[in-house]
Amino acid sequence: MRGTSSFLIVANRLPVDRVGEKQWRRSPGGLVTAIAPVMQRRDGAWLGWTGAAGEELKPFDHDGMHLIPVPLSSMEVEFYYEGFSNATLWPLYHDVVATPIYSRVLWDAYRAVNDRFARAAADAAAPGAVVWVQDYQLQLVPAMLRKLRPDVKIGFFLHIPFPPGELFQQLPWRRELLEGLLGADLVGFQRPGGASNFVRLCRKMLGVSAVKNDIQLDDGRTVRAEAYPISVDFGELDQLVRESHVMARAKEIRAELGDPEHVLLGVDRLDYTKGIRARLKAYGELFAEGRLKPGEAVFVQVATPTRERVEEYIRLRNDIELQVGRINGEYGEIGRAPITYMHQSFGREELAALYCAADVMMVTPLRDGMNLVAKEYVACRHDLRGALVLSEFAGAADELRQAYLVNPYDIDGMKRSMITAMQAPPHELGRRMRSLRRRVATHDVNRWANEFLTALES
Ligand code: ADQ
């Protein structure tokens, strides 16, 4: 039997979060915003896990979207999600900044869960449907689905970096993953470098031929690998920050921080790839050297709780909380702590107000597929004030050339950039911000989704 959905998103998570026992709320974030209208136009469905282990739910509708839950047992959450996805692939794809775990038990769970997603997609897709598979948790799905349903068009988008061969080749299951991805008609990456790493690896490991980004397979199919840098909903954010209550809240935040001369901001998932430790180290040294004084600057670091059962993340949280305590303890005065740290998730409006309150936005990942925080900050600064300090190792650095670009491994360099950004004259900030905003406004998340889908369907 064939399903009825002519457009299908397949992702690890459904685009909803639970509120209370029975209610759902659409998850925040660009992907859902960009894709929701396409789903409504095309009788689409979204297939994914609810986020609760052992839960089996029937398909349901929410907010104009048809949602198909895929169940995961608690063992699968541990082995497929926390294990192979987040303790093997995540560190391997991010320059091995933590040591990846290679375990056959984890791999078996990854394969089994990918197979379940592929079968569910095969059941849900209408004849000739377009199926768009998302991210590193589901890299085997394209080939598995193609086997079951050769009639559908399959796209895949990788939200994180695709590593160079020297690193990828560590993976004991490297061939299987490449073959999994080659089940798609179009494989999308954040950066051109990711696409070329992939093509080169396919040539080398699988012996296939390729003309530029088109990979030729023995069965006559051509798979295209291409960069589609993801973005944010510029229009929505730009409008949000013009609302008077958001502007008022931004002022209030600065007052609550003691109206310091400089407010610096970091907003990240509490992840070791985000470079939080190095950024705080650089900031702390500015106090140690007397280049900043208590009351003069406040660093607000918001770190969203994430993957809290994975060992590396437990260690990271302890490290950062110790570091914050040390800097505040050593250099703070009563009522004037150099760092305000929050291990919390914020709502869109509060986040937007924080962006508007910050003079210097510190986005300094050691490696990042794109980094939407950098683009959100730019979208929120219609006042043309504010400086973006951005890591060269974030995908966003390809586009946001007018940011203060830094190497996050270079502590002295980061200190210099922080000071330069804090002291930059308004006309210089305005010049940079105008150019950054032009880029994000013309390359928003709708354009990203449209370009990918147009290429997939052509
Ligand atoms: P992430 O690693 O999650 O995404 P990022 O792109 O920065 O990284 O997106 C984080 C999102 O969470 C942003 O929209 C941000 O506003 C939000 N967020 C962060 N901290 C928050 C807080 N305390 N409260 C509320 N919201 C918060 C992965 C890849 C990235 C890639 C994206 C999209 O790692 O490189 O840009 O997918 O493809």
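**Figure 1. Val263 is in contact with Arg254, Leu257, Val298, Val300, Ala357, Ala358 and Asp359, leaving aside its neighbours within four places in sequence.** Contact here means that the C-beta atoms of two residues, placed from the backbone, lie within 7 Å. This and the other views show a predicted model, in which local features need pLDDT of at least 70, side-chain atom pairs count only at pLDDT 80 or more, and totals for chains, interfaces and linings use all residues. Residue numbers start from 1 along each chain as its sequence is written. Val263 sits in strand S13, residues 262-269; strands (E, at least two residues) and helices (H or I, at least four) are DSSP runs, numbered from the N terminus. Val263 has 24 other C-beta atoms within 10 Å, which means that it is buried (20 or more such atoms make a residue buried, 12 or fewer make it exposed, and values in between make it partly exposed). Val302 is 39 residues from Val263 in sequence, and their C-alpha atoms are 13 Å apart in space.

**Figure 2. Here we look at Leu47 in the largest nonpolar core, which has 155 residues.** Such a core is a set of buried Ala, Val, Leu, Ile, Met, Phe, Trp, Tyr and Cys residues joined through C-beta atoms within 7 Å. The members that touch the most other members are Leu8, Val10, Leu47, Ala121, Val131, Leu388 and Val389. Not counting residues up to four places away in sequence, Leu47 touches Leu8, Ile9 and Val10, together with Ile68, Val70, Phe117, Ala120, Ala121 and Ala124. As a reminder, nonpolar side chains tend to be buried together in soluble globular proteins.

**Figure 3. Helices H2 and H3 cross at roughly 105°, with their axes coming within 8 Å.** Axes are lines fitted to C-alpha atoms, for helices over the stretch in contact, and angles between N-to-C directions run from 0 to 180 degrees. H2 and H3 are therefore roughly perpendicular to each other, a label for angles of 65 to 115 degrees. From H2, the contact draws on Glu76, Phe79, Tyr80, Gly83, Phe84 and Thr88, and from H3 on Val105, Leu106, Trp107, Ala109, Tyr110 and Val113. By class, these are nine nonpolar, two polar and one charged residues (Ala, Val, Leu, Ile, Met, Phe, Trp, Tyr, Cys and Pro count as nonpolar, Asp, Glu, Lys and Arg as charged, and the others, Gly among them, as polar).

**Figure 4. Asp95 lies in the loop between helix H2 (74-93) and helix H3 (104-124), and Val96 is in the loop between H2 and H3 too.** Asp95 is not a glycine, although its phi is positive, at about 60°. Val96 likewise has a positive phi in a residue other than glycine, near 45°. Asp95 has 15 other C-beta atoms within 10 Å, so it is partly exposed. Val96 has 13 of them within 10 Å and is also partly exposed.

**Figure 5. Glu82 of helix H2 is 6.3 Å from Val310, C-alpha to C-alpha.** The two residues are 228 places apart in sequence. Setting aside neighbours within four places, Glu82 is in contact with Val77, Ala87, Arg307, Arg309 and Val310. Glu82 counts as partly exposed, with 18 C-beta neighbours inside 10 Å.

**Figure 6. Helix H6 (residues 174-181) has the buried residues Leu178, Gly180 and Leu181.** Seen down the axis of H6, these residues fall within an arc of 160°, so they line one face of the helix; the arc is that of the directions from the helix axis to the C-beta atoms. Their cover includes helix H4 (141-148), strand S8 (153-157), strand S9 (186-189) and helix H7 (192-206).

Figure 7. The axes of H13 (residues 372-380) and H15 (residues 426-442) come within 9 Å, crossing at roughly 110°. That makes H13 roughly perpendicular to H15.

**Figure 8. Gly347 is in the loop between strand S15 (339-342) and helix H12.** Gly347 has 9 C-beta neighbours inside 10 Å, so it counts as exposed. Pro28 is 319 residues away from Gly347 in sequence, with 8.6 Å between their C-alpha atoms.

Notes:
Parallel < 35°, antiparallel > 145°, perpendicular 65-115°, else oblique.
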